[in-house]
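Trainee: Please pick one part of this structure and go through it closely. Give the cut-offs as you go.

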Amino acid sequence: MCDLLDLEETATQTGPKGVINDWRRFKLESMDQENLPTAKRELLRQMSSPHRKKDDARSNLNRKMSVQEYELLKEEDESCLKKYRKRCMQEMHDKLSFGPKFEGVHDLDSGEAFLEVIEKEHHSTVVVVHIYKIGVKGCEELNNCLDCLATEYPTVKFCRIDAVSSGAAERFSDEVLPTLLVYKAGELLGNFLACTQHLSEEFFATDVETFLNSYGLLPEKEAPMTTEEEENDVE
């Protein structure tokens with residue numbers, strides 16, 4: 001049977017006590033112990049020793065923070081605090097994010113590849129397929145737009161396939177191209193023939209994004225990193 005202490009040591013705790021203990025551990029792990037005064041380094045050793053007895057460990061987790069520890073942990077360390085907050089936000093984001101992520105637009109070279117991506121992709125993944133033909137007006141522009149959208153929606157699988165390669169050139173004549181097909185869990189959610197007729201003559205990725213969003217076909221876009229977070233990454 002799993003000991004309660006084992007759970008406490010292996011899982012991030014919740015609640016005020018859990019947050020304090022989690023921050024304490026993160027703080028200790030982040031500090032440059034080699035450059036600390038001897039007294040502080042000894043305190044860190046006592047607080048974080050992995051070889052302490054379980055009874056002592058349980059007592060250490062539940063006891064009130066000492067004055068020494070409080071003074072140590074309240075020292076100015078904005079960089080460490082920002083890193084801790086970023087880690088917590090990332091962990092929360094990972095827990096709330098389901099399904100795989102993708103990079104770029106995937107080129108499908110056959111009808112079999114087309115069927116496979118529809119039937120075998122993760123049930124939570126939205127699959128957007130662009131059927132195009134070289135030389136048909138709007139196809140090249142739409143391909144460029146999907147390249148942009150693929151970077152902004154990594155959980156969406158954007159694909160493209162030449163109408164001839166698909167084996168259905170007769171069905172997808174020049175008059176119905178470019179065509180956008182949208183699937184999820186093998187189900188067809190959107191079938192847009194000659195889709196550029198719904199856009200202005202000169203269109204951009206934001207226009208395609210707005211069009212797909214008008215049908216509720218794109219997931220919520222991931223929030224971009226703030227200037228402060230970007231500066232922290234540089235540091």
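Mentor: Val129 stands opposite Leu181 in E4. The model is predicted: local features need pLDDT of at least 70, side-chain atom pairs count only at pLDDT 80 or more, and totals for chains, interfaces and linings use all residues. Numbering starts from 1 along each chain as its sequence is written, and side-chain values use heavy atoms, with hydrogens and water left out.

Helices (H or I, at least four residues) and strands (E, at least two) are DSSP runs numbered from the N terminus. Strand E2 (residues 126-132) pairs with strand E4 (residues 179-184) in the antiparallel sense, over six bridges; two strands pair if DSSP finds at least two bridges between them. Both belong to an open sheet of five strands with mixed pairing, in the order E1-E3-E2-E4-E5. Strand E1 (106-108) and strand E5 (187-192) are at the edges with a single partner strand each, so one side of each has no neighbour in the sheet. On average, neighbouring strands of this sheet are turned by 25° against each other, direction ignored. Axes here are lines fitted to C-alpha atoms, for helices over the stretch in contact, and angles run from 0 to 180 degrees between N-to-C directions.

Ile161 is found in strand E3. It is buried, with a relative accessible area of 0%, where buried means under 20%, exposed over 50% and partly exposed in between (1.4 Å probe, protein chains only). Not counting residues up to four places away in sequence, Ile161 touches several residues, among them Leu108, Val129 and Ser110; contact means heavy atoms within 4.5 Å.

Helix H8 (residues 139-152) lies across E2, strand E3 (157-162) and E4, and runs at about 160° to E2. The axes of H8 and helix H9 (residues 205-213) come within 8 Å and cross at roughly 75°. H8 and H9 are therefore roughly perpendicular to each other: angles under 35 degrees count as roughly parallel, over 145 as roughly antiparallel, 65 to 115 as roughly perpendicular and the rest as oblique.

The buried residues of H9 are Ala205, Val208, Glu209, Phe211 and Leu212. They cover an arc of only 160° around the axis, which puts them on the same side of H9; the arc is that of the directions from the helix axis to the C-beta atoms. These buried residues of H9 pack against H8, E4 and E5.
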